[in-house]
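Please keep the structure open while reading.

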Amino acid sequence: MKKHIDILQKYWGHSDFRSLQADIIQSISDGKDTLALMPTGGGKSITFQVPAIEKEGICIVITPLIALMKDQVENLKKRKIKAAAIYAGMTKNEIIVTLENCIYGDFKFLYVSPERLSTELFLSRLQHMNVSMIAVDESHCISQWGYDFRPSYLRISDIRNHLPDTPIIALTATATPEVVKDIQSKLNFPKENVFQKSFERKNIAYVVRYAEDKNKQLLDILNKVKDSAIVYTRSRKKTKEIAEFLNDNGITSEHFHAGLSNINKDNRQKNWKENKTRVIVATNAFGMGIDKADVRVVIHLDLPDSIEAYFQEAGRAGRDEKKAYAVVIHNKSDATKLKKRITDTFPEKEKVIEVYEKLSFYYEVAVGSGKEIVFPFNLLDFCNKFKLPLLPTYNSLKILEQAEYIELTEELDNPSRLMFTIKRDDLYYFQTKNPELDKLIQILLRSYTGLFSEYAHINEEILAKRMQSTRDRVYEQLLTLGRLGVINYVPAKKTPFIIYSCNRIDTKHITLTNEVYKERKTRYKKRIEKMLTYVSEDSVCRSQYLLRYFGEKNVAACKVCDVCLKKDEQNIEQKDFEIVINSIKEILRNEALSINEIIKKTKIKENKIISVMRYLTDNKIITSNTNNKYILRNKK
């Protein structure tokens with residue numbers, strides 16, 4: 001273990017591991033297949049990065065999140081640790097260079113998206129790599145019971161046939177007991193080996209607020225909790241509107257979503273992390289890889305569609321282990337909106353098949369061709385061309401991805417990349433013969449390292465300034481060098497990609513199995529129901545509800561959530577409170593009653609009934625009619 005601590009100190013500057021990290025590291029170091037369940041912000045990446053640095057060879061890291069993959073590779077490089085990544089959108093030559101470097105270049109980490117695992121190019125090079133271990137991030141994606149199942153994850157077990165003696169570490173921040181068993185089974189663990197840190201976050205107070213005017217409630221919360229905050233909402237348009245509303249009310253805010261340019265994203269993240277901006281208003285595109293410890297409150301203005309998604313986002317509060325809040329603001333319209341997502345997320349099968357056919361027309365892909373061809377994709381242009389609705393079309397593509405007909409990547413910000421393709425001696429001779437290109441070549445060599453062995457990300461604007469030229473002139477010269485065979489130049493492109501997972505087939509042979517469609521839809525509905533129950537439930541501690549969802553049964557009430565604080569106000573024990581509230585609800589389902597009638601029917605002491613009735617009225621769970629009799633507002 002001393003070696004591991006020395007590595008931690010050398011590269012990360014920490015003198016000791018957090019709770020459970022050391023046990024997980026020792027398990028994988030001993031060659032045991034290991035599943036690590038740690039909450040968001042628990043330091044999962046350390047548990048595979050430290051032992052991989054100690055071991056001889058390269059660690060293959062499988063993750064579906066390309067943005068996070070790139071972020072981790074850059075962070076490792078900053079620590080002088082050699083790391084590379086392979087994902088959709090790279091050219092074939094870039095992939096070959098990357099794989100060759102991983103075979104011969106003493107690299108410690110190769111990050112790869114699961115879809116790339118089964119390609120002939122990857123498999124042909126894999127057998128020549130000295131692979132020390134395999135790390136599977138977001139491992140819940142391998143389970144059909146999980147909230148983000150990805151069929152490509154099932155191919156990971158095939159890789160084990162090529163590397164039978166290589167240990168595997170699976171990591172996730174959210175998994176139910178059912179998913180925990182499924183992960184180990186699907187990854188062919190010889191025996192169960194789970195390290196699980198409780199998901200309990202004692203420093204976070206979970207709060208649910210009902211408000212018809214959400215903006216007013218938001219303002220009230222941010223005026224009470226003065227420090228750094230994240231506000232989550234579903235739509236890109238709304239992020240901007242809410243940020244403007246907060247700025248107008250004296251709270252410094254910026255909005256964030258996947259459609260912003262890289263420069264805007266970086267600047268806004270930087271301003272927020274440095275506390276120049278107090279609040280970031282974002283879609284769920286914000287947060288992965290963001291390590292800001294002093295977030296005091298995370299507020300959801302729209303309901304996520306699963307407890308797993310909510311728990312991950314709420315968990316970005318209070319990573320410094322000081323008091324923090326996770327607040328949901330909801331009203332009557334939220335349940336309707338959430339249920340509408342079911343039809344948007346699962347369009348009729350005929351519509352899904354129609355999208356597949358239109359996609360083939362869009363790219364002019366003939367039946368029997370197209371396998372592994374990568375196409376830049378513009379969803380808006382595609383929908384406009386065929387007069388298709390935006391959201392159902394996107395979700396049809398995701399269903400086709402689940403059925404493994406296509407792959408749809410996230411939107412990628414791929415900066416310009418460049419590598420020299422001729423030897424140094426030949427380059428010197430070329431420079432003497434082409435003086436008009438010599439200055440650019442010299443600046444490239446001074447500005448970037450390793451250009452003869454791997455692709456480097458370049459910035460044409462910076463090169464233009466150093467040349468005292470224009471960006472267009474630099475761009476033209478780079479194209480010229482490419483045409484002359486001196487460099488391989490890939491200009492920047494921001495786009496998602498469509499990749500045909502198999503040759504195009506005739507639409508009459510398209511099948512959307514129960515596993516792909518009906519069962520997934522059923523599970524999606526159940527997750528939505530659980531989310532709706534979380535915000536409507538008024539008698540169970542919020543933390544208890546969340547922890548029970550993830551299989552932690554014997555947990556005490558948190559004493560700090562809105563439910564627990566209300567119970568303390570009523571001065572009733574947890575057990576008694578639940579009994580009284582359930583008794584009152586049950587009798588009010590059938591008829592309206594006065595307080596005296598309720599007391600007679602329940603035979604519970606008057607002081608307890610009155611205390612709980614006050615709580616139910618304050619929380620708009622019951623209301624009184626003109627005859628001063630009480631009615632249950634929602635009888636479901």
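Across the whole structure, which is a predicted model, a search finds 25 salt bridges. Side chains of opposite charge can pair when their charged atoms come close.

Helix packing comes next. Two packed helices are described by the angle between their axes and the distance between the axes. Helix 12, residues 307–314, packs with helix 21 at an angle of about 55°, and their axes are 8 Å apart. Helix 12 is therefore oblique to helix 21. From helix 12 the contact takes Ile307, Glu308 and Tyr310, and from helix 21 it takes Arg527, Lys530, Met531 and Tyr534. By class, the residues of this contact are 4 nonpolar and 3 charged, with no polar residue.

Helix 17 (residues 424–433) and helix 18 (residues 435–447) form another pair, with axes that come within 7 Å and cross at roughly 140°. An angle over 145 degrees would count as roughly antiparallel; helix 17 and helix 18 are therefore oblique to each other. On the helix 17 side, Leu427, Phe430, Gln431, Thr432 and Lys433 take part in the contact. They meet Pro435, Leu437, Asp438, Ile441, Gln442 and Leu445 of helix 18. The contact of helix 17 with helix 18 divides into 6 nonpolar, 3 polar and 2 charged residues.

Rolling a probe the size of a water molecule over the atoms shows where empty space is left. The second largest pocket holds about 1,200 Å³ of space, and 32 residues line it. Nearest the centre of this pocket lie His330, Val535, Ser536, Glu537 and Asn634. At least two lining residues each come from strand 8 (204–210), helix 13 (332–345), helix 21 (518–536), helix 23 (562–570) and helix 26 (606–618). Helix 21 supplies the largest share of the lining, 5 residues. Of the lining residues of the second largest pocket, 16 are charged, 9 nonpolar and 7 polar.

The lining of the second largest cavity divides into 5 nonpolar, 2 polar and 1 charged.

Conventions: Residues are numbered from 1 along each chain as its sequence is written. This is a predicted model: local features need pLDDT of at least 70, side-chain atom pairs count only at pLDDT 80 or more; totals for chains, interfaces and linings use all residues. Side-chain values use heavy atoms; hydrogens and water are left out. Axes are lines fitted to C-alpha atoms, for helices over the stretch in contact, and angles run from 0 to 180 degrees between N-to-C directions. Helices (H or I, at least four residues) and strands (E, at least two) are DSSP runs, numbered from the N terminus. Angles under 35 degrees count as roughly parallel, over 145 as roughly antiparallel, 65 to 115 as roughly perpendicular and the rest as oblique. Contact means heavy atoms within 4.5 Å. Ala, Val, Leu, Ile, Met, Phe, Trp, Tyr, Cys and Pro count as nonpolar, Asp, Glu, Lys and Arg as charged, and the others, Gly among them, as polar. On a 1 Å grid over the protein atoms alone, a cavity is a set of points where a 1.4 Å probe fits but cannot get out, and a pocket is an open set with protein on both sides within 12 Å along at least five of seven lines; lining residues have an atom within 4 Å of a point. Grid points are joined across faces, edges and corners, and a volume is the space filled by probe spheres set on the points. A salt bridge is a side-chain nitrogen of Lys or Arg within 4 Å of a carboxyl oxygen of Asp or Glu.
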